[in-house]
Every structure is written in C-alpha cells, then in structure tokens.
Amino acid sequence: MTSSHGNSISRRDWLRLSVAGALGLSGSGWFGGLANRASGAAGQGRKIKSCILLWMGGGPSQLETFDMKPDGPEESRGELKPIATSVPGIQICEHLPKLAQQTGDLAILRSMSHNFPDHDRGPILMQTGFIRRPNLAHPHMGAVVSAEADDPERGLPAFVSVGTVPGPGFLSPRHGPMIMGDPTKGTEDFKLATDTQKFGQRVELLQAQEEEFHKHLPAQAVAAHRSAYLQATRLLNSNKLKAFDLAEEPVKVREAYGCNRPAPKGLGKRGSGEVKFGEGCLLARRLVEAGVPFVEVCHNRWDNHDYIFPSIQYHGAVIDDSMSALIVDLKERGLLDSTLIIWMGEMGRTPKFQRGGTNGGPTVGRDHFTAAYTAVLAGGGLKTGQVIGRTSKDGSAVEDRPISPPDFMATVYKALGIDFTKEYNARDGKPIEAARQGSQANGAQPVRLVEKGEKPVEELF
Amino acid sequence: MKPICAAVSSTGAWAVAAVGIVFLAAVPASRAADPTPPAASVTFEQDVLPILRTHCLNCHNGLKPKADLDLRTRDAILKGGKHGPSVVPGKPAESPLWDEIASGNMPRGKAALTDPEKQTIRAWIAGGAAGRPAEVVRLPERSPGQQGRDPVAMAALIDREIDQRLARAKVPASPPADDSAFLRRVYLDIVGRIPTAEQAAAFLDDENPDKRRKLIDDLLASPEYGTHFGTVWHNLIVPLDENKRRIYQPPLMQWLADDCNRNEPWDKTVKGLLTAEGAIAKNPAAVFFTTNPEPNQLTITASRLFHGLKLDCAECHDHPFTRWKQQDFWGMAAFFTQVKANREAVTEAPANRAKELKTPGAAIVIPATAFTGAGSEIRGRFLGGAQPVLEDKGPLRPALAAWITSEQNPFFARATVNRLWSHFFGRGLVHPVDDFHEDNPPSHATLLALLADEFASSGFDRKHLIRCLCLTKVYQRSSRPVAGNEADALLLSRMAVKVMSAEVLFDSLGVALGFENLGTPPKALNSLPVAFQRSLGGNARTQFVNFFKDPNEQAEAMDYGHGILQVLRLVNGPQFNNGGLTVNSLAKVENPSRALEALFLSTLARRPTAAEVQRLSPYLARQKNLRDGYAGVFWILINSSEFLVNH
C-alpha cells in the first residue's frame, strides 16, 4: 500500500480474492468446485449458535403484551387483562395464553430503552446496535452472524429475512440478507431451466466474462452482482433447497404454526392486512434445521396509533400461536438450546392513550415510546423463566436494571457465541486481529461490533 | 465575471441561496468573501462536526439540548448554553467544551473520544475555531434579456467547474468513454432502455464526428423520452403502498409523459400538479392529491420534490438537526387544508374548516399526534418566507404554487437541477438529493448555482438542461478508473456506475429479447415494454418491478439491490434461457462470429472482442444445435454485470 488510494485498492483486491476463493477458481472452476463441496454437511463444527429474530415492526405495546400494569392508572392499564403464567409471579397478556404456558422458556426484558422514537432510526438502532451515520453503515446483526459464522461449505445463505431492509453495512455484500417477500413463494425459480451440464458450461463462461469486466471496472455494484450470483449458483447446487418448501410439512404442523390465517379486517390501516407470520416461523425452523445461522421473520402490524385493543387481540393471537409452536418444535428437535429466539420491535408504546379519531373507543391507540419497553428472548441456552428489569407502576420509566441498545446487542452476541468486543475494519469489512485492535495503522478504521460501554445482561448466562 | 455574495446578485435573491452553507443569509456577507484557507487547517464542518455528530449530538441537538447547549453549528457553540459560551476561539484552556472533553467528563455514559478526535477538537479551538469559508460563487455574465445559453457553451462552463476542482485536488480524470459505452449510457439515461442491435450498429458505424450531439437530440425528441421521465417523476410523486409495493397510476404516468414530450416549462407543470382539481379521468394531475391525501403527506412529498428538503421530522417537533421548525412544516401544510381528495377526484372545500379556526385565510391546527405544539393554530406561510394575505374562502393552493415556482423561492430551481444531475451522474451535487440543509453543502456550490440560474433563465426548460448535461465531457467520461482517481467518489473524475432501475431492467430485457420486432403501437406508453408485457400477459411489468425494485427505499443509483431470489429469476426464467426473438432470428446463422456480433449488440451495445470470440466459439461448436448455443450466449450476456449496470 504505497499510494494514498491504498485503502480502496486493498478493498477491491479483498473482494476479488474472497469471491475467487469461495468460487474455488483454482480447482475445477466455478461450478465444478462448488458441486464437489456442496454435499458436505453444513454447520458441522460451527461454534456459533443460530438465531431467529422475530421482528415486531412498528413497535408493539409492552403494556398489552409482556409488561402489563393492572395496578397502574387507567390509561397504563388499558382494556386487556393479565393472566398468570407457568412461572409463579410472572403475568402476561390474556391474548398470549400459549406463551403463558411456556414462560419457563422465556426471558422477559422489561427495561429496554433508547432515545430514538421513530421508524427510521429506531429499527436501524435495534437491528445494528448503532444509530445510522452518514459516513458509516453498521451491519444488521444477521450480517454479523453471517460474517462470524462464515462457512463456504454451507450451500445455503447465512442470513435469510422474511422482509427487512438494513443490509451488510461495511461488511462484504455477501453477508447481506436473502430477502423472501413471501415465505410461501420464491421456490418457483429454484429449478434449473437447462440440464446440469449445460448450466455448468454457461456458468463457467459467465464467470470468465465477469472476471474480465470486473478487472476493468472495479465498482462496488459489480462486486455485489458477482457475490449475489455466487450465492445463487451455490444455492442451486445444494441439495438443501427443499428447506424452503413449506409444502413438505404435514398439515398438522402447518396448522399448529398458524399458517393460512385469514387477513384481519377493521383494524385501521396500520393493523389490517395479511401477515404470513406462521409461515415465516415455520420457514425459520426449517432453515435453521438445514444450517442457516440467522433468520429474520417480520410482523409489521404493531404501529398501533389506533385500534390498539382489537389489534392486539388479533395479532397477539398470531404471535401466541406461531412463536409458541416454534419454541415447542425446536425443543422437540433438540434445537432450542442452540437457537436463540429474539422477539422485539424498534420500541414500545406510550402509557398514555392517543385518540386517533372522533369515534372514541375502537380508535384508541398508543404513540411511539422508547423510555421503557420490552423485548423477549427464548432458547439459546439462556437462563429463561425470569423477568429482567422493572418499570414504574405506570410504565413511564425504567426503575431497575436499564438495558441500552449496546447492552442488548452484547447480550445477543454473547448468547450466540460471538465476541462482541471484536473490531472490524470498516474500510475492508475484515476483522482486525486481536493484537492490533484499536490501531488505525494502514488506514484501518476500527469499528467495534457493539458500541463501547456495553454491559451484557449477565443474569441470563 | 462578477462575484455574488449575500449583498450583490445578478439574478435576484434566490441565487444567493445556492451558496453552500451560507444559504438564507444566515452568515454575514463578509464571510462569503473570506479567502480560502490552506487545506490543512481544521474547520468546523469538515473536521469537528463529524466527531460531534457521532459523540455529542444525541443530547446536544436542537430538540431539547442538554444544558441548553446546541452543538450543531459553529455559531451555536460560540453562543453556548446555560453555562455561557462553550468555546473561546484560540484558547482551548478557557473553553468549557475542551475542558469537558479533555477531562473525560463528556460524553457522558458513552464511548469516550479517541485521542486523535480530541486533538482535532483542540486544534480547531486553538486555530481560532474556524468555520469553513463558503465557496465564493461567481456566475459568468449573461447579456440582458438572454435566456438559455447555447448548450455547447453551457456544457463547457460545467466542465470548467468540475475540471478546476479536479486540478486543485490533483486528481486525474478518466479518458472519454468509447462510443459504445456512451451510446448505452445515453439510451439508458434518456429513454430508459438499451439500444436495439440495429440502433447500436448504426451509431457505432456512423463516422460523423458530431454523432454524439445528434444522438442526444434524437433521443430527447423521441416520445420514449417522455415515457421514461414520466415514470421517473411518477415514482417520485406516488408513494409506495403500505406493503411497500409500487402501484402505478397510468393516467398520471401518461400525463407526465405527454408533459415531458411537449417539454412544458417545469414551473408550469408543477403549478398544474399543485393546483389540480376535478376527477382523475379528466385531469390526471389530480393523482398528486389522491395518492397523497392528507396535508402532512402532501407537505412531505412537495418539500422533497420541489424544495429538496426532508421536512418529515418537523411534522411532530422542531427538526433536531436542521433549522426547520414545526411551524415551517405546518405553515406549508396550511395551504392544503381545503383539499378534499378521494380515490377518484380532488376538490377545494373551504366551507369545512372556517368555523374551527380563529384566523382567516390559510391556517391549520397541529393535530394531537404531534409530540409538541398539538392544538396550536399555524397560519399559512411560505417556507422560510412571507405570510401571504389570503381570502378567507381561498382557494389557497394557487398562492402556494405561484410562490413555489417563483424567483422568491430559493429552493425550487436548485432542487430540480440537483435531481436531474443525480439522474445522470448517480449522485446529487447535494447528496442525498432531497436533503438540502446547512450541514450538507453541495460538493460544487458554484456549479449548482450556475445550473439553477441557467434552468430558471431558460424558462425551466428540462430538455435544455438535459442537453447541457449530456454534452459535457464529464458526462461522456469513461467509468473506468485511472491511476490516481480510484478513490474519488465526489469530484466527478470518472462516470459513476449505476444499476438499472427495475423498470429500466424490464424494458431493456424486452429490447434484448427482440420485442421491437413485434411492431410499435404508436400511442402506447412505451411500445417496447408493451409488446414485451403483452407477450408475458397480465400486469407482468408491475409484478417484475415489484419483485426487482430495491427493497431499501433509500437505496441510491449506484447500489446493487438484487438478492438471491432476483438472481434466480434471471438465471432460471424461461425467456432468459430461451433468448426470445433475438435468438430465433439467428437460428439459421451458421457463422458464429456473425451470430456473436448480433448477440453482443442486442445486449451490450458493442461488438465482441477477439478474446470473447475465441472463448465463446468453442462453446458454440460443442452444442447440439445452433439455437441452443446462441441461447446459451444470450443467457450469459444478460446475466453479466455488464448488462445490469449503466457504466
């Protein structure tokens, strides 16, 4: 690195090398090299646990789910009732009866808080652990897991999302999510249009074409295109595509997960509309079982500025069915200890009502609220069956054991077996060796996986 | 040449507003004339603000600054907060800001500043706490009454601005793009599709030295120009639905396409949009209101489109990071209070609201959903400008439309030229394009002012502006880096590599597959996609667009937004394996070189290199029949990054 542009050269070289390396160019070519290796069992010897993020977009009300205030003022109390759970002393919402039976498998974090009560910054903060800054894009936690659990032999993407946005940030584009808009579709393109041999010939020629073009035009978009093609052809070569096919599951299982649920109506524009959350959870289990280390399933009907009580009645039942089925299923398959489930949104909702219209009752809602809200963890070998943190009687403030976004991210990474103090060089997306951490030598821009000042929730370990 | 500063302007007050951080005359005139300091000196905007943004602005911003200390601007820091001025220029030891940081007292409960960051702040204070001197904007003279300049002369002025900056930064420019790169680029940018094989061959073989200028003119004169830009404007006007789907509004798209093709002055078009009334069927511009039905949504869309401003935050509270106040947001929203829109029509309905308001004329009550100010009544006010006297009964929108498009509005021309610039160069002079604010100055302030001035004096002539941009050497540069400009992303030393939008990809695949041979229905939105779509049936284009569009709404032209599923569609889609009419037409061509030439021209707008012929010929020879081989090459080419990018 002799010129002042050394950084960008090294980044390009790295991308080129990493793509070439993973392609097995030194062996029998793009396709052949992969075909030989794709049969290996994925995830063997992997130390990092799997993670299923159940993303509650919009920000679900903690007061109508996991932090009810039956003794609080009228508006904090709301209209819904708490019920007892399988863990003495813990109560949750009446619309979560199945989860109430499984509370022994849940860790309820009631003292989450941050300062960004909107749908732009909140989700990015909670999915990356950092506020978005113009000059540095931090990776989504799924991209971090993809980088940390990097396994060229997996034959499946490392980060699958049933509907999300933040990408790999400064990490390589290959750690970005494979986005499934609809968990029941997307497999129609999984069948090769030609025979395998013909396909192999084409792919090798495409590779030659790509390499030449990229040599002349080392643009980020070109590198990202190559990376996406690498992953796609790898997927076509794996025998694991059937993991995406929900039709393989018995009807009974699909029913248990709450698949084919009719779309809700009359919940206002924020609460209505189809959610295929059961299908997403079932897909997540199949993918984790097949070796995918990070799956995100989105349910984005929680921005309940209005119709909050009927919305929670409906969507509470959705998560109750699907999340409890997921926990039971993973447990039965012996995968719960090696799979962390996260239930969270970007924020919670205000203890005061918001009256969205003139009709009174049904249009009551709650506004964005970040001073005190709840996230739930399950599985992952954590000490579950406990509540962490406490909020005030009216739910307006955290009274005990505050958990900041860095605390939360550190907890998640620790549970997954990722060293959260690790630094990456934001200029090339590569980890920085332990001995050189904190150093800006060679133009490195060291960035921690978790913002400094983090305190993981040790009670869970 | 004559200088423009806050006090002297050749084209009225609005030109001043274009000058980087001094816009709206927030800074005394004398500062605009400060000599440029040596590049090495530490300035607030370049060096200090990024550090403050990372470590301090979460608490010390404009919303509810801790200790009343707002650290967003140099002026605010000098003014200080509860405990007095925060910085004494030249004296770190007497500056509370340095004291707090050096002692580690601040930032509280967060990551401390690194030593280099601390030293930067110390050096800034010690060096006099300088702000960045504003770029002095000097616009070339124009003769009295002169309207648009000659496009070639204007292009030369643009080139001069860019090249001077490159020379100062000692960054070399890439050489001119070859004919095929230029050809494909200008087709994609102006008509939104690749050229057909015939169009490509004709241009490449044309020996007229003036052929590039002629092609630009021909494309601007073609109805496909309107089709493409109609779609571009349509997608900016019509928000995605709640499931983030793109729902086309064909009447508006057609209205915009016709408007572009007639090259209506942009101010007239915008007035048409902002004052639209009646049924969509009769006046498609009304879609602006039927798809943005509430005053707040209208304010957000109109600010982004016509002002280049993100006012979203100010809906609920004063904007924490910019100068915009909640009053500014609702002051603009007040002009939309009489709009009544349903799915089919828009009416102006003054009677509805008169009784709830105390003040006559345009006014609005901030709704209860806002964090602050709920219940207060805000009178209609032009953004950063005057409060007009209006008839109680309205109509209100014509006054707003007249002001938005007037010379008194400092934002209109700049926002439009910046957006068009970004269309062609992949990045705005102010970037992101809809985020003009004090801390986000343009990369080339003079150029932005020059373009805005030209656009306004040409009568908001979009084709003229596009012609000027496409004629520049900057636009016609190669995208390939040369030694010394690899890292440049800002100075325009080489062409940006953009990724085709979903619409452009669909239409270009249609062209590559040879669908122009199906004939050209004259009045259809766009003959090629229509033919392609008809062959696929139903609303194939809409489905394709929703499947392929970047899921990240903030994605930029240079971002690759396809995932594995999109790749698999292109890899395994039946048409893409079969090669359509293009491959059909070659079925009897036995000479592989001729067939390869046709395939490359159909997809990449160039002829194959000798190396490519050498690599692909043996492959063709191995295939069972000619068609299989050609279909294979077609597949390779449309799946290559060279196909997908506009380079």
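Visitor: Why are α11(A) and α12(A) called roughly parallel to each other?

Guide: Keep in mind that this is a predicted model. In it, helix α11 (residues 277-290) of chain A packs against helix α12 (residues 308-332) of chain A at an angle of about 15 degrees, and their axes are 9 Å apart. Angles under 35 degrees count as roughly parallel, so that is the label α11(A) and α12(A) get.

Visitor: What is the hand of the crossing where α11(A) passes α12(A)?

Guide: The crossing is right-handed.

Visitor: Which residues of α11(A) meet α12(A)?

Guide: Phe277(A), Gly278(A), Cys281(A), Ala284(A) and Arg285(A) do. Their partners in α12(A) include Val318(A), Met323(A) and Leu330(A). Sorted by class, the contact has 9 nonpolar, 2 polar and 3 charged residues.

Visitor: Moving on to the two chains, how many residues does the contact take from chain B and from chain A?

Guide: Chain B puts in 46 residues and chain A 49 residues.

Visitor: What gives the most to the side of chain B that touches chain A?

Guide: That's α24(B), with 7 residues. Among the other helices of chain B that supply at least two residues each are α3 (44-55) and α28 (610-622). This side of chain B has 21 nonpolar, 16 polar and 9 charged residues.

Visitor: What makes a residue count as buried, and what percentage of chain B is buried?

Guide: A residue needs 20 or more other C-beta atoms within 10 Å of its own. Buried residues make up 50% of the 647 residues in chain B, a chain with 30 helices and 9 strands.

Technical notes
Residues are numbered from 1 along each chain as its sequence is written. Chains are lettered from A and ligands numbered from 1 in the order in which they are written. This is a predicted model: local features need pLDDT of at least 70, side-chain atom pairs count only at pLDDT 80 or more; totals for chains, interfaces and linings use all residues. Two residues are in contact if their C-beta atoms, placed from the backbone, lie within 7 Å. Helices (H or I, at least four residues) and strands (E, at least two) are DSSP runs, numbered from the N terminus. Ala, Val, Leu, Ile, Met, Phe, Trp, Tyr, Cys and Pro count as nonpolar, Asp, Glu, Lys and Arg as charged, and the others, Gly among them, as polar. Axes are lines fitted to C-alpha atoms, for helices over the stretch in contact, and angles run from 0 to 180 degrees between N-to-C directions. Angles under 35 degrees count as roughly parallel, over 145 as roughly antiparallel, 65 to 115 as roughly perpendicular and the rest as oblique. A crossing is left-handed if the near helix is turned anticlockwise from the far one by less than a right angle, and right-handed if clockwise. A residue is buried if 20 or more other C-beta atoms lie within 10 Å of its own, exposed if 12 or fewer, and partly exposed in between; C-beta atoms are placed from the backbone.
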